[in-house]
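Me: I'd like to learn how to read a model like this one, feature by feature. Can you walk me through it?

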Amino acid sequence: KRAQDAKTAALRDAQTIAEEKTEMEGQGLRRDLGELQSVEKRIIAYQKKGVDENLGEKKEECSAKVEELKTEEKQCQKFSDELDRLTSSLEQTKTTIRQLQDNLDLRKIEKSLDELNDQNKDYEDELRNAPDTKQIREMRVKLEAETEKLKTQVDTKQGQMQNLRATIEKLKADLAGKEYHNIDQRYTVANIELITTRNANKDLDKYYIALDKALMRYHEIKMDEINKIVKEYWQITYQGNDIETIQIKADLETAANRRSHNYRLVMRQKNSSELDMRGRCSAGQKVLASLVVRMALAETFCHNCGILALDEPTSNLDAKNIEGFTGALARIVNDRRGASSSFQLLVISHDTDFINELARETGISSYYRIKKDLTSQTSRINEYNVTEM
């Protein structure tokens, strides 16, 4: 079919081109014929005027024009023959086009007939497969039962809708009452308070996390400072060779969304092993460690404190450790006294040698002692000069 349509279109285009070409050639011939007729009229006019001097020349022109006219007539005859041939071809083309169009119409009719035959077969199949009268009655009964069921459902839904309408009316009446007066405004205010509270809680959570991190960082920094001072004082005061240094360990414990630190004192031995001091050191080592830790805590957290009080600091210490502790304590006193002229050291002790050595190393001239007067059975405070002892 596509090939036939293409062939038909090509024949139509060829016919149109041939007609246009023939028309153009015919116009050219008619134009030349008009010119010849004009020349002929001019010749006749010259002959009537009796102009002999141009007669020969005009005759020659006339003869040339006659020859051209003959040539044009032959050409015109040729074009006429070609036009007849093209006309005949055009008629044949038209006949072919009509035949092709009839063929196309026939094919369309045949196609429509086939479709109608197929529909007819489908209808026949549907008729053959159609239920009988009994089945139709059963289907009718079933559909009627379903219809009744749907009607019942519709009635139920309508009843529910009526109940909902009554409820809506009641709620509207409640909204118009005093209890729900300005409920929209009150709801807006409550909603704003709720959102504000939630945002505040979120901000508090953020602040809590930030504060917790800051406290943990502050704790780490202070623990590093304390352990640094503890290590320095221990190496100055302790004269033994079995414990190189001591350190405070802070174990973090988390329970029920609460965190706490479990502090323990550990000692590092010469072989770099780390052990808890509890249950593994002597009484003197415990006392010295306690004093060192307390002085480190005071040094870390009490920079501007004007007084340092010690109660029996040398109990359970041997002579070497007392000597080391005295030097460390004198160093602290001298540093504090250099930073603040009002610094005071209060020592309660029965160790006279320790007091005298501490007085000499700190550069004080006298100190006070409390003694019991056996005669009056009262306590007396006396000032003693260090240089006289």
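This is a predicted model: local features need pLDDT of at least 70, side-chain atom pairs count only at pLDDT 80 or more; totals for chains, interfaces and linings use all residues.

Me: Which residues touch the most other members of the largest nonpolar core?

Reply: Leu329 is one of them, together with Trp234, Ile246 and Phe325, in a core of 38 residues. At least two residues of that core come from each of helix H4 (183–237), strand E1 (243–255), helix H5 (283–301), strand E4 (307–311), helix H6 (319–339) and helix H7 (352–362). H5 gives the largest share, nine residues.

Me: Let me step back to the overall layout. How many helices and strands are there in the protein?

Reply: Seven helices and seven strands. Going from the N terminus, the order is α-α-α-α-β-β-β-α-β-α-β-α-β-β. The protein has 389 residues, and 20% of them count as buried. For contacts between residues at least 6 apart in sequence, 57% join residues at least 24 apart.

Me: How do H4 and H5 meet? At what angle do their axes cross?

Reply: The general idea is to look at the axes first, then at the residues. The axes of H4 and H5 come within 8 Å and cross at roughly 130°, so the two helices are oblique to each other. The crossing is right-handed. On the H4 side the contact includes Tyr218, Lys222, Glu225, Ile226, Ile229, Val230 and Tyr233, and on the H5 side Gln285, Leu288, Ala289, Val292, Val293 and Ala296 are among the residues involved.

Me: Why does such a list come in steps along a helix?

Reply: An α-helix has 3.6 residues a turn, so residues three or four places apart point the same way. Ala296 counts as buried because its relative accessibility is 0%. Ala296 touches Ile226, Ile229, Val230 and Tyr233, with residues up to four places away not counted. The C-alpha atoms of Ala296 and Ile229 are 5.6 Å apart, though 67 residues separate them along the chain.

Me: Now a strand residue. Is Thr245 buried or exposed?

Reply: Thr245 lies in strand E1. Thr245 is buried because its relative accessibility is 10%, and the cut-off for buried is under 20%. Beyond its neighbours within four places in sequence, Thr245 is in contact with Lys231, Trp234, Gln235, Val266, Met267 and Arg268.

Me: What should I look for at the two ends of H7?

Reply: At the start of H7, a side-chain oxygen of Asp351 comes to within 3.3 Å of the backbone nitrogen of Asp353. After H7 comes Gly363, with a positive phi near 80°. Within H7, the buried residues are Phe354, Ile355, Asn356, Leu358, Ala359 and Thr362.

Me: Where do they stand on accessibility?

Reply: Glu312 counts as partly exposed because its relative accessibility is 25%. Gln377 is partly exposed too, with a relative accessible area of 49%.

Note on methods:
Residues are numbered from 1 along each chain as its sequence is written. Side-chain values use heavy atoms; hydrogens and water are left out. A nonpolar core is a set of buried Ala, Val, Leu, Ile, Met, Phe, Trp, Tyr and Cys residues joined through side-chain atoms within 4.5 Å. Buried means under 20% relative accessible area, exposed over 50%, partly exposed in between (1.4 Å probe, protein chains only). Helices (H or I, at least four residues) and strands (E, at least two) are DSSP runs, numbered from the N terminus. A polar contact is a pair of N or O atoms within 3.5 Å; within protein, one must be able to donate a hydrogen and the other to accept it, and residues adjacent in sequence count only if both atoms are side-chain atoms. Axes are lines fitted to C-alpha atoms, for helices over the stretch in contact, and angles run from 0 to 180 degrees between N-to-C directions. Angles under 35 degrees count as roughly parallel, over 145 as roughly antiparallel, 65 to 115 as roughly perpendicular and the rest as oblique. A crossing is left-handed if the near helix is turned anticlockwise from the far one by less than a right angle, and right-handed if clockwise. Contact means heavy atoms within 4.5 Å.
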